[in-house]
Amino acid sequence: MTDIELSRGPRKIVIDPVTRVEGHGKVTIRLNEAGEVEQARFHVVEFRGFERFIQGRMYWEVPVIVQRLCGICPVSHHLGAAKAMDVIAGVDQVTPTAEKMRRLMHYGQVLQSNAVNFFHLASPDLLLGFDAPVEQRNIIGVMNAFPEVGKWAIFIRKFGQQVIAATGGRRIHPRLCVPGGVNQNLSIENRDMLRKDVDQIVQWCRDALELHKSFVHSHEALHENFASFPSSYMSLVGADGGMDLYDGTLRAIDADNTPIFEGVQPADYADYIVEEVRSWSYMKFPHIRSLGREHGWYRVGPLAQLNCCAFIGTPIANAARTEFMAQGRGGLVHSTLSYHWARLICMIHCAEKIRELLFDDDLQGTDLVLTGTRRPEGVAIIEAPRGTLIHHYTVDDNDQVSGANLIVSTTNNNEAMNRSVKQVAVEYLTGHEITEGLLNHIEVAIRAYDPCLSCATHAIGQMPLVVTLEDADGAVIATRVKQ
Amino acid sequence: MDLSSPVTPPRILVLGYGNPGRQDDGLGPAASTRIDEMGLPNVTAYDNYQLNIEDAMDVAEHDVVWFVDAARVGPAPFSVRDLHPVAAIEFTSHLMGPETVLSIAEQVFGRVPKAFLLAIRGYEFEFIEALTPDASDNLRLALEMLTDRIGAPVAAARAS
């Protein structure tokens, strides 16, 4: 839905909704008197206070309760909360069986979630073209052109769900984690069931990467320049500097790959990250404290995961990363569309890690839970499919949650998404008309980040579609609401 | 498909979707859970937060599929409509529609079941893990209809 006011002065063009991103969004492009793009904002239009919802809950309930937050990455929240509650329970290191069960679940979740983004949301744009007719630019259109993609999409996603079910008892609302450990190990039956398919999954992930690279190589200028800009990045890395999606310390680098901070323990995140609130969005804007609000924004997610780590500890993904990083000509990779390439490498890494774990006997261990001395506060960080996810809780003397703060991946990417939208608007807005092509390009830019607005804003279901026109002074001159 | 056939009982799938942590958004999962608890022969029931691409595999393996979702607007206590494959652009992956799932089933597996959407009217969608009383009433009436619809062909098959 679009609208435009041309009759006077600076004006706003509002595009609502953005299609095929997680949740609903609204994009506002503000023009100046000369009709040039002055500002672009990716709004979040509804807020529900999930942090307040869990206040008063018993701390051991939280890993299960937080899964209600989001229908896209419930497992990430389950694991993030569980790790934080380990700290509350006084357990600094869970048993090998517990950690490997959690990792197995995590890799299954990241694999299947990234598969959905790439195959269902992104591949229609990438494989069919941004300007392909609307009736073709969807997953069915992709299947028509590339029949094998449908098979990959379904079976990779299903395999990830099977991993989640095998570790957590069911594919939604898994109940694997408890503070200090896990409820179960991996049965031989489930292990063998997953072993049977894992080689094929690895191969299909590799096939998907090759298909994507063929797109990249045939559209190199577009791939390199579209919505691209240098930025800082942040992710977890392991103690050896390698990619670690489950545990480690925070590393942030600037656009020239100079460390901003590294080795930051999760408990100390607030010393390095500041959350700013802005009047026009309900979503917070985190930034790096030492760089300030103007320069401290950063990107997270697959692109950040690859830029921040020194290597990947699985051979196929590591070789793919080496080829990927060559795009940066000795520096970092900043292309926004490279999120998709990076996402596919993360999928390969997850599939390789799953295969590795399925041959690890620790998964059949019986030492599942540890206990310790209760603490009042716990922080945990994991790399969710969309990037760095922070869970922070305080618990009172009655074992009830007294405070919670969640910084989800999409929130971390908030400023970057705004900048991507503005860049696209500057490049593709001509005259005073919002064309179908401009709409497509804006959506493509936002989808690279795979935003999960349901998660970030705690919104649900159908929100009204609001189209607003404002003049330069912010006065609303027209509003259209579509339920 | 002749649903009254006494020879080949239809394989029926009841697929409820929604978030039980968001009050009446849990109507779909509640419906499929109740159906599952009935243990009806030839009836499979499961739930998920949302529909997704892999559901096409399960859908293709059944003869009749009932998608069950909460409705924020529309008639109470529920509405039913036939579904057919549509290769539409989805708004988000949250909202992948049953028509798209059917379309993927047709495209990848070459098979489309007879399909219905049962939309049960809900009213509140906050962070509460319970249905509202009015939604619970709607669920009860919807289940009466649904068990009658899926029970009839099954009963006919068992009598043969």
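In this predicted model, pLDDT stays under 50 over residues 16-23 of chain A. pLDDT is the predictor's confidence in each residue, on a scale from 0 to 100. The model still has 49 contacts beyond four places in sequence for residues 16-23, a contact being heavy atoms within 4.5 Å. Where pLDDT is low, the predicted coordinates should not be read in detail. Over chain A the mean pLDDT is 85, and 85% of the residues reach 70 or more.

Residues are numbered from 1 along each chain as its sequence is written, and chains are lettered from A and ligands numbered from 1 in the order in which they are written. Local features need pLDDT of at least 70, side-chain atom pairs count only at pLDDT 80 or more, and totals for chains, interfaces and linings use all residues, while side-chain values use heavy atoms, with hydrogens and water left out.

Chain A has 17 helices and 16 strands. These are DSSP runs numbered from the N terminus, with helices being H or I of at least four residues and strands E of at least two. Of the 483 residues, 64% count as buried. Buried means under 20% relative accessible area, exposed over 50%, and partly exposed in between, with a 1.4 Å probe and protein chains only. Among contacts with a separation of 6 or more, 68% come from residues 24 or more positions apart. Chain A exposes about 16700 Å² (Shrake-Rupley method, 1.4 Å probe). Carbon and sulfur atoms supply 48% of that area.

Strand β13(A) spans residues 387-395. Eight of its nine residues are buried, so the strand is largely enclosed by the rest of the structure. On one side, β13(A) pairs with β12(A), residues 377-384, in the antiparallel sense over eight bridges. Two strands pair if DSSP finds at least two bridges between them. A:Ile381 has A:Ile390 as its bridge partner. The β13(A)-β14(A) hairpin has five residues between its strands, and A:Asp399 takes a positive phi near 70 degrees.

The unreviewed UniProt entry annotates A:Glu51, A:Leu406 and A:His458 as "binding site". Such annotations may be inferred rather than shown by experiment. A:Glu51 lies in helix α1(A), residues 50-53. A:Glu51 is buried, with a relative accessible area of 12%.
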